[in-house]
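Here is a briefing on a single protein chain. Look over the sequence and the structure first, then read on.

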Amino acid sequence: MLEITQFLPYQLVHLANKVSDNFAQVYKQEANLTTPQWRVMAHLARGSFSAKQLCEFARIDKSTISRAIKQLEERKYIELKTDPNDKRSKVLNLTKEGLEVYERLSVLAHIWERGLMQSLTEHEQTMLKQVLAKLNTSI
C-alpha cells in the first residue's frame with residue numbers, strides 16, 4: 001500500500017508549498033505583494049509576455065493571473081502595450097516603478113535563498129540543483 005508521505009510527488013509538493021509560503025513573507029512584508037503578483041513580476045522581469053504566457057509560465061489559472069495583472073496595473077508596477085510583433089495582441093511589461101520593486105526584492109530573494117540553503121553543504125546544493133533539473137527534464 002502506498003504511504004503518501006513517502007511518495008515523491010507528495011514530498012515535492014509539500015516542500016514546494018513550505019518554501020513558497022516561507023518566501024511569501026518576504027515579498028508580502030517588503031512590497032505588500034501576493035504570490036500571483038510576485039510571480040507575474042518575476043516573469044515580466046525576464047521580458048514582455050502576454051497574460052496567456054504568464055498563465056503557462058507561472059502555472060496559475062487565468063482568473064487569478066487576470067486579477068494579479070489588474071492589481072499590479074493599479075499600483076503602476078506593470079503596463080499593457082501592443083505587441084510589436086502582432087498589433088492585434090497585447091503584452092505586459094514592468095514599469096520603471098515595478099522594476100525598482102522587483103530589483104529590491106531580488107536582493108532579498110538571494111539573501112533568503114542563501115539562508116534556506118545554508119543547511120546543505122556546497123556539494124549537496126549542487127547535487128540538489130542537478131537532481132531537480134534532471135527530474136524536470138524527464139517529465
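Buried means under 20% relative accessible area, exposed means over 50%, and partly exposed lies in between (1.4 Å probe, protein chains only). By that rule His-43, with a relative accessible area of 18%, is buried. This is a predicted model, so local features need pLDDT of at least 70 and side-chain atom pairs count only at pLDDT 80 or more, while totals for chains, interfaces and linings use all residues. Residues are numbered from 1 along each chain as its sequence is written, and side-chain values use heavy atoms, with hydrogens and water left out.

**Overall layout**

- The chain has six helices and two strands. Helices (H or I, at least four residues) and strands (E, at least two) are DSSP runs, numbered from the N terminus.
- Read from the N terminus, the order of elements is α-α-α-α-β-β-α-α.
- The C-alpha trace spans about 50 × 35 × 25 Å along its principal axes.
- The chain holds 139 residues, of which 30% count as buried.
- Contact means heavy atoms within 4.5 Å. Among contacts between residues at least 6 apart in sequence, 46% join residues at least 24 apart.

**Packing of H1 against H5**

- Helix H1 covers residues 8-31 and helix H5 covers residues 96-117. They pack at an angle of about 145°, with their axes 10 Å apart.
- Axes are lines fitted to C-alpha atoms, for helices over the stretch in contact, and angles run from 0 to 180 degrees between N-to-C directions.
- The crossing of H1 and H5 is right-handed. A crossing is right-handed if the near helix is turned clockwise from the far one by less than a right angle, and left-handed if anticlockwise.
- H1 brings Val-19, Asn-22, Phe-23, Val-26, Tyr-27, Glu-30 and Ala-31 to the contact with H5. H5 brings Val-101, Arg-104, Leu-105, Leu-108, Ala-109, Trp-112 and Leu-116.
- By class, this contact of H1 with H5 has 11 nonpolar, one polar and two charged residues. Ala, Val, Leu, Ile, Met, Phe, Trp, Tyr, Cys and Pro count as nonpolar, Asp, Glu, Lys and Arg as charged, and the others, Gly among them, as polar.

**Nonpolar core**

- A nonpolar core is a set of buried Ala, Val, Leu, Ile, Met, Phe, Trp, Tyr and Cys residues joined through side-chain atoms within 4.5 Å.
- The largest nonpolar core has 29 residues. Leu-33, Trp-38, Met-41, Leu-44, Leu-54 and Ile-65 touch the most other members.
- The elements giving two or more residues to this core are H1, H2, helix H3 (51-58), helix H4 (62-74), strand E2 (86-94) and H5.
- Leu-44 touches Phe-49, Leu-54, Ile-78, Leu-92, Asn-93 and Leu-94, not counting residues up to four places away in sequence.

- His-43 is found in helix H2 (residues 35-44).
- Leaving aside neighbours within four places in sequence, His-43 is in contact with Phe-49, Leu-54, Phe-57 and Ala-58.
- Arg-46 sits in the loop between H2 and H3. At 55% relative accessibility, Arg-46 counts as exposed.
- Arg-46 and Leu-94 are 48 residues apart along the chain, and their C-alpha atoms are separated by 9.6 Å.

**Salt bridges**

- Side chains of opposite charge can pair when their charged atoms come close.
- A salt bridge is a side-chain nitrogen of Lys or Arg within 4 Å of a carboxyl oxygen of Asp or Glu. The whole structure has five salt bridges.
- One of them joins Glu-79 and Lys-81 (3.5 Å, N to O). Glu-79 is partly exposed at 30% relative accessibility, and Lys-81 is partly exposed at 40%.
- Another joins Arg-88 and Asp-86 (3.1 Å, N to O). Arg-88 is exposed at 74%, whereas Asp-86 is partly exposed at 23%.
- Glu-100 and Lys-96 also meet in a salt bridge (3.6 Å, N to O). Because they are four residues apart in helix H5, Glu-100 and Lys-96 are separated by about one helical turn.
- Glu-100 is partly exposed at 44%, and Lys-96 is exposed at 62%.

- Asn-32 is not a glycine, yet has a positive phi of about 55°. Asn-32 lies in the loop between H1 and H2 and is partly exposed, with a relative accessible area of 44%.
- Arg-59, also a residue other than glycine, has a positive phi near 55°. Arg-59 lies in the loop between H3 and H4 and counts as exposed at 77% relative accessibility.
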